[in-house]
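Visitor: Please take me through one part of this model in detail. I would like to look closely at the sheet and what surrounds it.

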Amino acid sequence: MSNAPLTNETVHRVSFLDKASLHIPILRILQADGTTYENAVLPVIDKPLADKIFDTCVFTRVLDERMLGAQRQGRISFYMTCTGEEASIIGSTAALDKDDVILAQYREHASLRYRGFSTEQFMNQMFSNEKDLGKGRQMPIHYGSRELNYQTISSPLATQIPQATGVAYGMKLQGKRNVAICYFGEGAASEGDFHAGLNMAAVLKAPVIFFCRNNGYAISTPTEEQFAGNGIASRGVGYGMHTIRVDGNDMLAVLAATQQARAYALEHNAPVLIEAMTYRLGAHSSSDDPSGYRSKDEEAKWQQHDPVKRFKLWMINKGWTNEAEEASLFERYREEVLAAVKVAEKLPIPKLDEIIEDVLDKPTPALKKQLKELKEHINKYPKAYPKSAGRL
């Protein structure tokens, strides 16, 4: 894509463009049986990197399985899985430098795990106990880690998109050789923040990777009811940025696309848009029932494109793993997660005074007044707030 001034061909009769006018290919490297396509160009990957990617896949599957069960048991209030989207999330994270900044939506806990977030840290956040890095102020799965350059998740859709542009532009001004990566779903791309963030990044030439997980649904709304254009990739071209569409269930394709997107963003101080075509195999969240808007046949069809299975078969073909090793890894993580749950749920919640810490440099008189009124209210109705009443 050239940054040269626009040139317009002159025509002498009315000729409209439509969504078919822009041809957008999809990058695929891995086939369903774990073999690569003929003439496919593989990403930079060796066995240690593949092992780390697969380890993260297995842990994430186990975490999703166990914590969705914990929510159903009433042990945590909310949960969201990334089942079916692991290649999009882990494959892209694996292409980054540890000092690149991640701005996630809410289904990217696998990227945090890849960076080193411990099982205990996951549990502390979901149970909002006194060891939670967020001091119990967020609902479950809204993680954040300054140490791992993973900005805290916000519930409102798309707020992270213009923020990512700002983060990337700030790093550019500081002379840092790093990028920001911003994850979002195709539903979030319908928000105004998407358009503002992409246009600002393109104009300011910010080194940011916009990573769209197009998983087919914005909660229960299918893509055909969300937009009439050629997916999300066509919008990147419209905003004048390098764009690629990739098979989001193909770990190697995602890794390759993100490796090259990062290199381009740094070399040219410019944004890149990646649209990963994937599928959410689970429910939108623990509050959602997908049977109301999609069929079992549809889900079964997409099970055949399981990204974790596809990547595992590729590793087996290379002699880098086997079924016994996978089974052992699953069992180890099941035991580890269950043990961490039992510890985390017994820890007390943060002390109430911490609720006004870190909001401003020093708590203002107004915040102190509100805290005093809150304590008085809890003291008056302690049975309504059994956990907080013990942490005044």
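Guide: Two strands count as paired if DSSP finds at least two bridges between them. Keep in mind that this is a predicted model.

Strand β1 is joined to β8 (residues 242-247) by two bridges, and the two strands run parallel. With two bridges, β1 and β8 therefore meet the cut-off of at least two. Within this pairing, L27 stands opposite V246 of β8.

Now cross to the next pair. β8 and β9 are linked by six bridges, again in the parallel sense. Here R245 has E275 in β9 as its bridge partner.

Step back to the whole sheet. Seven strands make it up, and the sheet is open. The order is β1-β8-β9-β5-β4-β2-β3, with parallel pairing. The edges are β1 (26-27) and β3 (150-151), each of which pairs on one side only. Helix α2 packs on this sheet. The helix touches β2 (101-103), β4 (180-185), β5 (208-214) and β9 (272-277). The direction of α2 makes about 175° with that of β4.

Look inside that helix. S88 sits in α2, which spans residues 86-93. The relative accessibility of S88 is 0%, so S88 counts as buried, the limit being under 20%. Leaving aside residues up to four places away in sequence, S88 touches Y183, F211, R213, G248, V254, A276 and T278.

Next, the loops. K135 is not a glycine, yet its phi is positive, about 55°. At 24% relative accessibility, K135 is partly exposed. I219 also has a positive phi, near 55°, and is a residue other than glycine. The loop that holds I219 runs between β6 (217-218) and β7 (221-222). I219 has a relative accessibility of 43% and counts as partly exposed.

Finish at the surface. M200, V203 and L204 make a nonpolar patch of about 240 Å². One of these, V203, belongs to helix α6 (residues 192-204). V203 has a relative accessible area of 60%, so V203 is exposed, the limit being over 50%.

Key: Residues are numbered from 1 along each chain as its sequence is written. This is a predicted model: local features need pLDDT of at least 70, side-chain atom pairs count only at pLDDT 80 or more; totals for chains, interfaces and linings use all residues. Side-chain values use heavy atoms; hydrogens and water are left out. Patches are made of residues with over 30% relative accessible area and no salt bridge: like charges are joined within 9 Å, nonpolar side chains (Val, Leu, Ile, Met, Phe, Trp, Tyr) within 5 Å. Accessible areas come from the Shrake-Rupley method with a 1.4 Å probe; for residues, only the protein chains shown count as cover. A salt bridge is a side-chain nitrogen of Lys or Arg within 4 Å of a carboxyl oxygen of Asp or Glu. Helices (H or I, at least four residues) and strands (E, at least two) are DSSP runs, numbered from the N terminus. Buried means under 20% relative accessible area, exposed over 50%, partly exposed in between (1.4 Å probe, protein chains only). Contact means heavy atoms within 4.5 Å. Axes are lines fitted to C-alpha atoms, for helices over the stretch in contact, and angles run from 0 to 180 degrees between N-to-C directions.
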